[in-house]
Amino acid sequence: MLEALQYEFMRNALLAGLLAAVACGIVGVYVVVKKIVFISGGIAHASFGGIGLGYFLGINPITGALFFALASGLAIGGVTRKTRLPEDTAIGILWAMGMALGVIFIALTPGYAPDLMSYLFGNILTVPFSDILLMLVLDVVIIGIVVALYKEYLILSFDEEYGTAIGMPVEKLYLLMLAMISLTVVVLIRVVGMILVIALLTFPAAMARQFTYNMKKMMLLSVLFGFLFTFAGLWLSYVLRLPSGATIILLGGTTLTMSFGVSRLLLRNRARSHIS
Amino acid sequence: MSALEIVRLKDIRVNYGEITALENVNLSVFQHDFLGIIGPNGGGKSTLLKVLLGLVKPNSGFVSVFGKPPEQVRGQIGYVSQRLAFDRDFPASVWDVVIMGCYGRIGLFRRYNYEDRVATEKALEQVGMLEQQGQQIGRLSGGQQQRVFVARALVAQPKLLLLDEPTASIDPTMQTEFYELLGELKKSLTIVLVSHDIGAVSIYVDNIACLNRELYYHGSKEITPEILEATYKCPVQLIAHGTVPHRVLKEH
């Protein structure tokens with residue numbers, strides 16, 4: 001691994017992994033405790049429309065994805081609060097229409113769409129420095145929001161109705177949370193690709209949850225796990241010459257599943273020692 | 001004795017689209033009252049509490065709480081919502097939940113300060129949950145959780161406490177304990193409790209009102225079979241209290 005670090009793309013990859021871990025670690029905690037994993041999935045897939053638009057207009061596809069992700073996040077939130085359309089229906093519509101738009105835009109773009117696969121499945125090894133800067137800015141925005149609104153988001157995640165009753169602007173805060181998820185999705189697209197984004201939004205947070213019931217500690221642990229997954233996955237993919245995004249996710253998923261098993265065993269042993 | 005009027009509702013009417021949730025509701029609650037409002041599910045009980053909190057604007061009628069529109073006095077109203085089935089693994093301790101009640105006092109963006117922490121400790125002490133402050137909220141029993149939610153309502157030192165079906169999911173022994181706690185609290189504040197459980201409520205409250213879209217209120221604990229029937233639209237068992245509480249069955 002050390003000899004790999006002499007390459008600039010490897011250093012960029014690690015930097016991108018770290019930035020991604022910060023975003024997905026923090027926001028993933030909200031996604032997991034508020035059970036909005038599939039809203040996040042919808043946002044991620046809808047952003048493919050933006051990637052297609054980026055190719056079509058000849059601009060950076062990530063910029064297109066940023067706008068599509070924000071628009072679809074706010075649309076899912078707004079539509080389900082203001083109308084009777086069930087949330088999962090709204091998610092389904094945006095998910096599919098975003099993907100379809102992306103396919104149409106790419107078909108309309110003359111010539112071949114270079115590194116399209118890296119947007120779909122991620123390629124942390126090809127992250128350009130400009131995207132790292134963008135990820136850094138998005139991370140700062142996300143941390144700023146969470147620091148400023150930590151107490152509000154704890155109330156919102158725990159008991160929305162109570163939040164309304166004590167006069168908290170619940171709807172606006174929820175829309176801002178969805179916007180934050182959209183930003184995170186964009187940060188993660190470069191690392192694991194839009195199809196696999198929900199993995200990084202859920203695995204580290206779900207893993208962290210087994211070790212603490214303090215939300216701040218859960219966020220810190222989740223950032224740490226996110227980084228460990230990307231770092232170890234990247235190394236493994238380098239050694240085994242496998243695609244990096246998919247390796248990161250399989251490693252994270254396997255670790256998480258095993259840790260569920262271990263914590264169940266620990267619980268059972270604790271219960272047994274209580275009885276005896 | 002002329003007690004201070006805390007809540008006043010006059011000719012309240014609330015419609016949800018085509019459906020009328022409340023109509024002709026008139027109610028006065030005085031200082032240190034413990035009012036129980038009973039009625040069937042869907043009878044408008046939660047709506048009435050939301051009117052008192054200023055969350056639902058009546059289509060017509062007049063609301064005042066402490067002589068003002070309710071949204072101006074939210075800081076003085078403590079609210080215990082219907083116990084929802086939240087995730088047992090939710091990452092929050094008892095302390096985290098109780099201190100949420102300080103939100104009304106400090107508002108958006110600000111952090112909880114020393115004063116908030118003192119108030120939280122006091123509220124936990126009041127409901128007898130100080131020792132459990134570090135435990136995860138989801139690991140407590142239903143009765144203990146309900147105490148924590150009362151503490152959360154008390155932390156902002158409200159003068160009026162509103163409770164929505166507080167005992168719906170706790171077992172009978174815990175219920176008794178819970179009502180005893182409310183009896184203690186009654187000395188320093190005014191309580192309005194809403195429930196569909198006639199039996200439990202009637203032993204502890206001072207006054208009872210029956211609500212099924214319209215409010216039947218006589219300013220005392222005596223409920224007649226006629227009122228109950230009007231409320232529930234069917235014959236209802238009536239419980240009378242002597243030295244030993246016993247159940248009187250109305251002839252069918």
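**Sheet in chain B**

I looked up the sheet of chain B in this predicted model. Its 6 strands form an open sheet in the order 5-6-7-3-8-9, with mixed pairing. Strands pair if DSSP finds at least two bridges between them. Strands here are DSSP runs of E with at least two residues, helices are runs of H or I with at least four residues, and both are numbered from the N terminus. Strand 5 (77–80) and strand 9 (214–217) of chain B are the edge strands, each pairing on one side only. On average, neighbouring strands of this sheet are turned by 20 degrees against each other, direction ignored. For such angles, axes are lines fitted to C-alpha atoms, for helices over the stretch in contact, and angles run from 0 to 180 degrees between N-to-C directions.

I noted the model's conventions: residues are numbered from 1 along each chain as its sequence is written, and chains are lettered from A and ligands numbered from 1 in the order in which they are written. Local features need pLDDT of at least 70, side-chain atom pairs count only at pLDDT 80 or more, and totals for chains, interfaces and linings use all residues.

I then checked one pair inside the sheet. Strand 3 (residues 34–38) and strand 8 (residues 207–212) of chain B pair in the parallel sense over 4 bridges. B:Gly36 has B:Ile208 in strand 8 of chain B as its bridge partner.

**Helices on the sheet**

I followed helix 1 of chain B next. Helix 1 of chain B packs on the sheet and touches strand 3, strand 5, strand 6 (160–164), strand 7 (190–195) and strand 8 of chain B. Contact means that C-beta atoms, placed from the backbone, lie within 7 Å. The direction of helix 1 makes about 155 degrees with that of strand 6 of chain B. Helix 5 (residues 142–154) of chain B lies across strand 5 and strand 6, at about 160 degrees to strand 5 of chain B.

A residue is buried if 20 or more other C-beta atoms lie within 10 Å of its own, exposed if 12 or fewer, and partly exposed in between. Among the buried ones are B:Lys45, B:Leu49 and B:Leu53. B:Gly54 follows helix 1 of chain B and has a positive phi, near 80 degrees.

**Hairpin in chain B**

I found that strand 1 (residues 5–16) and strand 2 (residues 19–30) of chain B run antiparallel, joined by 8 bridges. The bridge partner of B:Tyr16 is B:Ile19. This hairpin has 2 residues between the strands, and B:Gly17 takes a positive phi near 60 degrees. Strand 1 of chain B also runs antiparallel to strand 4 (residues 60–65) of chain B, over 5 bridges.

I looked up helix 2 (residues 37–46) of chain A: 8 of its 10 residues are buried, so it is largely enclosed by the rest of the structure. A:Ile39 and A:His45 are among the buried residues.

The contact between the chains takes 22 residues from chain A and 22 residues from chain B. On the chain A side, the largest share, 5 residues, comes from helix 8 of chain A.

How values were computed: Two residues are in contact if their C-beta atoms, placed from the backbone, lie within 7 Å.
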